[in-house]
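Here is a short briefing on one protein model. Look at the sequence and the structure first, then read the points below.

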Amino acid sequence: MLNWCIFLMLILKKIGGFSILGISVAGGVAHNLAQLVAAMLVVSNFHLIYYLPALLIGGAVTGTLIGITAAKIWECLKTAGKTAPINH
C-alpha cells in the first residue's frame, strides 16, 4: 500500500504542475483508498465500501494539513539554504 502511494506522489511530482499541497492531498486519498481495498480483501466484506466517503474526506483533510506543514518547512529550509531546488 505504502509503495502505491509513494509511486503516485512521485509520478505527480515528475509530471509537474502539482504543488506540495496537491501531491500531499493525492497521497492522503490514495493511502486511504489502499487501506480500504486491503480491509475489504482481508475480511472478505465489500460492504466496507460505505466508508469510502468518510475516508476520502479524511484523506483530503489530513493530506491538506500535512501539505501545508510540508510547504512551510520547505520554505524555512530554502530560506536557511539547506535544500536543493525541486520542481513543484
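A residue counts as buried under 20% relative accessible area, as exposed over 50%, and as partly exposed in between. Val 37, with a relative accessible area of 44%, is therefore partly exposed. The model is predicted.

**Packing of α2 and α3**
- Two packed helices are described by the angle between their axes and the distance between the axes.
- Helix α2 spans residues 20-43, and helix α3 spans residues 52-79.
- Their axes come within 7 Å and cross at roughly 145°.
- The crossing of α2 past α3 is right-handed.
- The contact of α2 with α3 involves 15 nonpolar residues and eight polar ones. No charged residue takes part in this contact.

**The loop between α2 and α3**
- Which residue in this loop has a positive phi without being glycine? Ser 44 does, with phi near 50°.
- Ser 44 sits in the loop that lies between α2 and α3.
- Is Ser 44 buried or exposed? Its relative accessibility is 59%, so Ser 44 counts as exposed, the cut-off being over 50%.

**Nonpolar surface patch**
- Trp 4, Phe 7, Ile 11, Ile 15 and Phe 18 make up a nonpolar patch on the surface.
- Together these residues have about 510 Å² of accessible area.
- One of them, Phe 7, belongs to helix α1, which covers residues 2-15.

**Salt bridge**
- Side chains of opposite charge can pair when their charged atoms come close.
- How many salt bridges does the structure hold? The structure holds one.
- Lys 78 pairs with Glu 75 in a salt bridge, and the closest N and O atoms are 3.3 Å apart.
- Both Lys 78 and Glu 75 lie in helix α3. They are three residues apart, which is about one turn of the helix.
- Lys 78 has 39% relative accessibility, so Lys 78 counts as partly exposed.
- Glu 75 has a relative accessible area of 40%, so Glu 75 is partly exposed.

- Ile 23 is placed in helix α2. Its relative accessibility is 14%, under the 20% cut-off, so Ile 23 counts as buried.
- Ile 23 and Thr 64 are 41 residues apart in sequence. Their C-alpha atoms are 9.3 Å apart in space.
- Ala 30 also lies in helix α2. Why does Ala 30 count as buried? Because its relative accessible area is 5%, and buried means under 20%.
- Ala 30 and Ile 6 are 24 residues apart along the chain. A C-alpha separation of 9.3 Å lies between them.
- Val 37 has its place in helix α2.
- Val 37 and Thr 64 are 27 residues apart along the chain, and their C-alpha atoms are separated by 22 Å.

Methods: Residues numbered from 1 in each chain as written. Predicted model: local features only at pLDDT ≥ 70, side-chain atom pairs only at ≥ 80, totals over all residues. Heavy atoms only, no water. Axes fitted to C-alpha atoms, helices over the stretch in contact; angles between N-to-C directions. Helix = DSSP H or I, 4+ residues; strand = E, 2+ residues; numbered from the N terminus. Left-handed = near helix turned anticlockwise from the far one by under 90°. Nonpolar A, V, L, I, M, F, W, Y, C, P; charged D, E, K, R; others polar. Buried < 20%, exposed > 50% of the residue type's maximum accessible area, 1.4 Å probe, protein only. Patch = residues over 30% accessible without salt bridge, like charges linked within 9 Å, V, L, I, M, F, W, Y side chains within 5 Å. Areas by Shrake-Rupley, 256 points an atom, 1.4 Å probe, with all protein chains shown as cover. Salt bridge = Lys/Arg side-chain N within 4 Å of Asp/Glu carboxyl O.
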